[in-house]
Amino acid sequence: MSKKTKIIGFLIGVVLLILVTLIYVFYGGSRNIATEEAEFIIPSKVITAEFTADVAKATLNYSDKTIAVSGKVTAVSDSIVTIDNTIICNFNIPDKSIKTDQSVSIKGRLVGYDDLMGELKLDQCSINKNN
């Protein structure tokens, strides 16, 4: 096999890899969290304590998973709802029925933990109707 053939084969492989990655990012990687079952249904104080105790273990356990977190709403701001001052829930569509001091169960995808602020971040949130 000539050097020219090897280079062309390598370039075709790279182009195919880039193409597959782009297709996944734009079309295959999206999820509809609202229709997924929650893998974990957990009180906000329990999950916060798990992250405080061992961030690496809790991140491995919950990261990018659909979870339902229950607790008391401490702040509402447009499309962001805060539960027990530690769980930040980002709604794609604001839910006007959620009020401060209300007990709720919110389902969303855990996207990260801010250890400096001690906050968990969820996105694609919705009211958990299966609580």
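1. The structure holds three salt bridges, a salt bridge being a side-chain nitrogen of Lys or Arg within 4 Å of a carboxyl oxygen of Asp or Glu. The model is a predicted one, in which local features need pLDDT of at least 70, side-chain atom pairs count only at pLDDT 80 or more, and totals for chains, interfaces and linings use all residues. Residues are numbered from 1 along each chain as its sequence is written, and side-chain values use heavy atoms, with hydrogens and water left out.

2. Arg-109 pairs with Asp-64 in a salt bridge whose closest N and O atoms are 2.9 Å apart. Because Arg-109 lies in strand 5 and Asp-64 in the loop between helix 3 (55-62) and strand 2 (66-77), this pair ties together parts that are 45 residues apart in sequence. Helices (H or I, at least four residues) and strands (E, at least two) are DSSP runs, numbered from the N terminus. Asp-64 is partly exposed, its relative accessible area being 39%; here buried means under 20% relative accessible area, exposed over 50%, and partly exposed in between (1.4 Å probe, protein chains only).

3. Arg-109 also forms a salt bridge with Asp-123, at 2.6 Å from N to O. Asp-123 belongs to strand 6 (residues 119-127) and Arg-109 to strand 5, so the contact ties together parts that are 14 residues apart in sequence. Asp-123 counts as buried, with 17% relative accessibility.

4. A further salt bridge links Lys-121 to Glu-119, with 3.1 Å between the closest N and O atoms. Lys-121 is partly exposed at 28% relative accessible area, whereas Glu-119 counts as buried at 15%.

5. Asp-101 is in the loop between strand 4 and strand 5 (103-114) and counts as exposed at 55% relative accessibility.

6. Ile-7, Phe-10, Leu-11, Val-14 and Ile-18 make a nonpolar surface patch of about 470 Å². Patches consist of residues with over 30% relative accessible area and no salt bridge, like charges being joined within 9 Å and nonpolar side chains (Val, Leu, Ile, Met, Phe, Trp, Tyr) within 5 Å. Accessible areas come from the Shrake-Rupley method with a 1.4 Å probe, and for residues only the protein chains shown count as cover. Ile-7 is found in helix 1 (residues 3-28) and is partly exposed, with a relative accessible area of 43%.
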